[in-house]
Amino acid sequence: MAAYRSAEALGNHGLAWRHLERVHIIAQPFWGLHLAIHGAMFSLAIRQRDWSEALGQIFRLLLAPIGALTGKLPIGNTGRSTVSAFQPMPIPPDLLELLQDGIGK
């Protein structure tokens, strides 16, 4: 999240989104963190006046609790509205290593 905030402060929106996507992958199994990341994505979309992304994030904010309750979260999904909310995606190797080493336990 610190890297996201730094990128946004520098006006590098592409990098800010990339950091949020990576945080989403890590936070996804944790209901509260997962929602917080979608909240951050929604806020960034609003600040950028990206209404399509903001609408997609509202959908994901509503969908995330259902996915958490049913255990049907698409692992590796980046959380952006540019990808299907139901599409599993490969976890980047560096994040997979962190997850396997116990980050998030």
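Student: What makes the link between the side chains of His-34 and His-24 a polar contact?

Tutor: A polar contact is a pair of N or O atoms within 3.5 Å; within protein, one must be able to donate a hydrogen and the other to accept it, and residues adjacent in sequence count only if both atoms are side-chain atoms. The side chains of His-34 and His-24 are joined at 3.1 Å, so the pair falls within the 3.5 Å limit and is listed as a polar contact. The model is predicted: local features need pLDDT of at least 70, side-chain atom pairs count only at pLDDT 80 or more, and totals for chains, interfaces and linings use all residues. Residues are numbered from 1 along each chain as its sequence is written, and side-chain values use heavy atoms, with hydrogens and water left out.

Student: Why does His-34 count as buried?

Tutor: Buried means under 20% relative accessible area, exposed means over 50%, and partly exposed lies in between (1.4 Å probe, protein chains only). His-34 has 4% relative accessibility, so it counts as buried. This residue sits in helix α3.

Student: Which residues is His-34 in contact with, leaving aside neighbours within four places in sequence?

Tutor: They are His-24, Ala-27, Gln-28, Ala-64 and Leu-73, where contact means heavy atoms within 4.5 Å.

Student: What class does Gly-67 fall into, buried or exposed?

Tutor: Gly-67 has 9% relative accessibility and therefore counts as buried. Gly-67 belongs to helix α4, and it is in contact with Lys-72 and Leu-73 when neighbours within four places in sequence are left aside. Its C-alpha atom is separated by 9.9 Å from that of Gln-28, a residue 39 places away along the chain.

Student: Which residues lie in the loop between α3 and α4, and how are they classed?

Tutor: Arg-49 is one of them, with α3 spanning 31-47 and α4 spanning 51-70. At 62% relative accessibility, Arg-49 counts as exposed. Its phi is near 55°, a positive value in a residue other than glycine. Gln-48 is in the loop too, and its 25% relative accessibility makes it partly exposed.

Student: What joins the side chains of Gln-48 and His-13?

Tutor: A polar contact of 3.4 Å joins them. Gln-48 also touches Trp-17.

Student: How many helices and strands does the protein chain have, and what makes a run of residues count as one?

Tutor: The chain has five helices and zero strands, in the pattern α-α-α-α-α. Helices (H or I, at least four residues) and strands (E, at least two) are DSSP runs, numbered from the N terminus.

Student: How do you know how the radius of gyration compares with that of a compact globule?

Tutor: The radius is taken over C-alpha atoms, and the globule rule is 2.2 Å times the number of residues to the power 0.38. For 105 residues the rule gives a value near 13 Å; the protein chain has 13 Å, so the two agree. Of these 105 residues, 34% count as buried.
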